[in-house]
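Dear colleague,

I am passing a structure on to you, and below it you will find what turned up when I went through it. Please keep the structure open while you read, so that you can find each part as it is named.

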Amino acid sequence: ELAKVERDLRERTDEVVAAREFLEELRNETAIVQARQRGLIAEVDRLTGYVGELEEANARRIATKEALEHNIDKLLIQVKESLPLTPEKYSFAKRVAAVEALREKAAQAMWVTPELQNEYTDLHLKENDVARANDYFFARIPVTDRYGHRAETWAECLMRGNRSVYYRTLEGNNIGTYENIGSAETPRWGFKENLPEEMQKSIEAEIVSARVPDFEGQVQAIAE
């Protein structure tokens, strides 16, 4: 009976040792799982923080993009309503096309890039140059002769910023201004003739003083 008890005790002891080893393994696995769980919780918290930051960044992205598009729209209106009679370097059609192209590019962009911002700034600065321009150039303009006939003829023109253009036909029969004959809210550009003689002389004097050095050569080229 003692031998049987001792055998049973050894078996129980082996079972206890095995159970302790299993329990230790289980504890180790539990500790690993808990560590992973804490890591996952920390990662979730971190990603949740990122989501908040991303939402805030996305709101800023949208607001910045909308602000740029609004400014481009304002610039487009400004250009479209500006003086259309200009020398080639300030070509009205090219200026409108450039702003419209930028508007399309901004609409398709996901966010405001430095290139977009720089392009808008360049176009805005060019419009400032137009507003300060005092350039002499030639253009074909419609004028009325002394018989009341309307026809296009070549004229010397002097750009007065984006406000008006002084003009004098090459033979000197027509002198006047091209300016906004509408309102500030609804511009309507047109030619003003039959100005007072004193004003015509003043305009002619300014045009003559602004003539380019090769004036005669350019007039000859036009005549040919």
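Before the strands are described, one term is needed: two strands are said to pair if DSSP finds at least two bridges between them. Please also bear in mind that this is a predicted model.

**The strands**

Strand β1, residues 136-144, pairs with β2 in the antiparallel sense, and nine bridges link the two. Within this pair, Tyr136 stands opposite Leu158 of β2. Five residues lie between the strands in the hairpin of β1 and β2, and there Gly148 takes a positive phi near 90°.

β2 also pairs with β3, again in the antiparallel sense, this time over six bridges, and the bridge partner of Ala155 in β3 is Thr169. The hairpin that β2 and β3 form has three residues between the strands, with Gly161 in the turn at a positive phi of about 60°.

How many residues of β3 are buried? Six of its six residues are, and both faces are covered, with Ser164, Tyr166 and Arg168 on one side and Val165, Tyr167 and Thr169 on the other.

Glu156 lies in strand β2, which spans residues 150-160, and it counts as buried because its relative accessibility is 0%, where the cut-off for buried is under 20%. What joins the side chains of Glu156 and Tyr136? It is a polar contact of 2.5 Å. Leaving aside neighbours within four places in sequence, the residues in contact with Glu156 include Phe138, Arg168, Ile207 and Arg211.

Arg168, in strand β3, has a relative accessibility of 12% and therefore also counts as buried. Its side chain makes a polar contact of 2.9 Å with the side chain of Glu204. Not counting residues up to four places away in sequence, Arg168 touches Ala155, Glu156 and Asn174, among others.

Phe138 belongs to strand β1 and is buried, with a relative accessible area of 16%. Among the residues that Phe138 touches, not counting those up to four places away in sequence, are Trp154, Leu170 and Ile222. Phe138 and Asn180 are 42 residues apart in sequence, and their C-alpha atoms are 20 Å apart in space.

**A residue of helix α1**

Ala57 lies in helix α1, residues 2-80, and is partly exposed, with a relative accessible area of 32%. Between the C-alpha atoms of Ala57 and Asp145, which are 88 residues apart along the chain, the separation is 65 Å.

**The largest pocket**

The largest pocket has a volume of about 220 Å³ and is lined by 14 residues, of which Lys89, Tyr90, Arg95, Lys126 and Glu127 lie nearest its centre. Which helix gives the most to this lining? It is α3, with five residues, while α2 (92-108) and α3 (114-132) each supply at least two. Sorted by class, the lining holds seven charged, six nonpolar and one polar residue.

With best wishes

Definitions and conventions
Residues numbered from 1 in each chain as written. Predicted model: local features only at pLDDT ≥ 70, side-chain atom pairs only at ≥ 80, totals over all residues. Heavy atoms only, no water. 1 Å grid on protein atoms, 1.4 Å probe; cavity = no way out; pocket = protein on both sides within 12 Å on 5 of 7 lines; lining within 4 Å. Points joined across faces, edges and corners; volume = space filled by probe spheres on them. Helix = DSSP H or I, 4+ residues; strand = E, 2+ residues; numbered from the N terminus. Nonpolar A, V, L, I, M, F, W, Y, C, P; charged D, E, K, R; others polar. Buried < 20%, exposed > 50% of the residue type's maximum accessible area, 1.4 Å probe, protein only. Polar contact = N/O pair within 3.5 Å; in protein donor to acceptor, adjacent residues only side chain to side chain. Contact = heavy atoms within 4.5 Å.
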